[in-house]
Amino acid sequence: MSRFSLSVRQWSQITRFLSLFCLCLLLVVSCSRSQQVTTTSSDSVNTSTGNGRITIGTTQKPRTLDPADAYELASLGLVYNMSDRLYGYQPGSTDVKPQLATALPKVSPDGLTYTIPLRQGVVFHDGTPFNAKAMAFSLERFIKNGGKPSFLLADVVDTVKATSEYELTIKLKRPFAAFPSLLAFSGVSPVSPKAYEIGAGKFKPNIFIGTGPYKLARYGTDSLQFDVFDKYWGEKPANTGINLQILSSSANLYNSFRTGAVDVAYLSLEPDQIRSLEDGAKKGDWQAITAQGSVVSYLVLNRNQQPLDKAEVRQAIASMVDRPLINQRVLLGQADPLYSMVPTTFDVSQPLFKDKYGDGALDKAKQLLTAAGFSKQNPVKIPLWYPASSPTRNLAAQTLKAYADQKMEGMLQFEVNPVEAATFFKDISRGLYPAALLDWYPDFLDADNYIQPFLDCDKGSDAKGCEQGGSQSQGSFYYSETMNKMIEDQRKEQNPEARKKIFANIQAQVTTDVPYVPLWQNKDYVFARKGVSSVQLDPTQNLIYKTIKK
């Protein structure tokens, strides 16, 4: 089986991770000045609240606006709002719906060929007509230019062809039932063939010319302006445009919102700031909008490191963990306890860790450790690693350690070890860390994206664990031929109910083998001033600009 290039993905995950959890930091990469749009400072962007434009505040600075290279939340959120994709999601749903496609794909019996009918009458921001050739050009460019997310398509797509003016045919290298969801990834959007070119590294980070409801009007180092595209094929935005203000810190974002300098605040606020703004919303000062997120946080357990090579030790850790305690002490209640590596975003998710281990099941944890040959005199000592730049991971690690020290009578001891982020993500796949705290941002919304990258193994054995594959890259080194077969089966299965049963079996085996312990699933918070309405998030954490009005 082919797999995603997880070494690339890991670094992009930490980039996203820093964007959300290292809440006071800005990305240090500034966007260079564009030759095709007017650059501005924040002072020159009109933030008037009376002209129908919406001012959005954020701390997230985009690295690029080129969809073929965009792989951080800051960039993808902007690409999302200026673009269309073949398929999208309804707010609050993970079911794909046609967007630039007019129907779901027709799939060949062997699961390899996807035929997609396309919408007519669509034009790009530069007036170029959209058709199957333009879409094929964009997908080929996504693959061949070699940007950060290129592996998403390169690993699964064999050929892309315009089989008529408004029909696209994509042939896969192997069956992949989640492919329509992958086509909803924000970066898989069409761009004008007149404005872009195919070629390794040929990116245009400071422009965007797509088919979406907004055109990029101004691009500055700390502000962007989006104007409504008057030839947009779909429903026009409810506002007259968007002014995006990039603030230097979460404190500045917090204060800018409180004083009314921005209409909407989204990403990134610290937990205590969120709690304060929620209190203000309860008093009627402004609005708080909360949505279930799709990011999961978890504990990795390396089966190649003693004593974690014993299943009983891994199961004891799963029994000892108290998720509600972590949620309150670390996250101030701003998350949901997670009992499967597949989050509750998907109807296939089953809370099997809760059913089998519960929370803070200390007696069970002690019994399992005793059965594995450990005691107060011969305790289990687990070095626990995490990126030093993450205050959230630091507090979670300290909470786990303190809880074990207090409740496990010395039988289970965590040794907390922070490490620089780049080193952490380089070394975890080398097997240097017995246990580690991580989070996962999905590339596309399908349960497969929470399973295959964690559990699949291309090369390995029961004796050595995974030598090459997803679980090796994630640091658990989990290996199971049965699991490999189930992953392959669910990727082939086109029947949703049959696929759901396979996902249930996969989650059951994970609960028994415990290569990972799921901890929490994030919540997303948006704050809006009074008089602002229709503020929504899509399931991939993108704030939807076009619905916002005042």
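**Exercise 1. Determine how many helices and strands the protein holds, and how its overall extent compares with the globule rule.**

Solution. Step 1: In this predicted model, the protein contains 17 helices and 19 strands. Step 2: Its radius of gyration is 24 Å, close to the 24 Å that the globule rule gives for 550 residues, so the protein is as compact as a globular protein of that length. Step 3: Taken along the principal axes, the box filled by the C-alpha atoms is roughly 75 × 55 × 35 Å.

**Exercise 2. State what share of the residues is buried, and describe the surface and the contacts of the protein.**

Solution. Step 1: A residue counts as buried when its relative accessible area is under 20%. By that criterion, 59% of the 550 residues are buried. Step 2: The accessible surface comes to about 20200 Å², and carbon and sulfur atoms account for 47% of that surface. Step 3: Among contacts with a separation of 6 or more, 72% join residues 24 or more positions apart.

**Exercise 3. Decide whether helix H2 (73–82) is enclosed or open, residue by residue.**

Solution. Step 1: The buried residues of H2 are Leu73, Ala74, Ser75, Leu76, Gly77, Leu78, Val79, Tyr80, Asn81 and Met82. Step 2: Ten of the ten residues of H2 are therefore buried, so the helix is largely enclosed by the rest of the structure.

**Exercise 4. Characterise the second largest cavity by its volume and its lining.**

Solution. Step 1: The structure has six cavities of 30 Å³ or more. The second largest cavity has a volume of about 180 Å³. Step 2: Its lining consists of 15 residues, of which Leu73, Gly77, Tyr266, Leu267 and Tyr545 are the closest to the centre. Step 3: Strand S1 (53–58) and helix H2 each supply at least two lining residues. The largest share, five residues, comes from H2, the helix whose ten residues are buried.

Terms used
Residues are numbered from 1 along each chain as its sequence is written. This is a predicted model: local features need pLDDT of at least 70, side-chain atom pairs count only at pLDDT 80 or more; totals for chains, interfaces and linings use all residues. Side-chain values use heavy atoms; hydrogens and water are left out. On a 1 Å grid over the protein atoms alone, a cavity is a set of points where a 1.4 Å probe fits but cannot get out, and a pocket is an open set with protein on both sides within 12 Å along at least five of seven lines; lining residues have an atom within 4 Å of a point. Grid points are joined across faces, edges and corners, and a volume is the space filled by probe spheres set on the points. Helices (H or I, at least four residues) and strands (E, at least two) are DSSP runs, numbered from the N terminus. Ala, Val, Leu, Ile, Met, Phe, Trp, Tyr, Cys and Pro count as nonpolar, Asp, Glu, Lys and Arg as charged, and the others, Gly among them, as polar. The radius of gyration is taken over C-alpha atoms; the globule rule is 2.2 Å times the number of residues to the power 0.38. Buried means under 20% relative accessible area, exposed over 50%, partly exposed in between (1.4 Å probe, protein chains only). Contact means heavy atoms within 4.5 Å. Accessible areas come from the Shrake-Rupley method with a 1.4 Å probe; for residues, only the protein chains shown count as cover.
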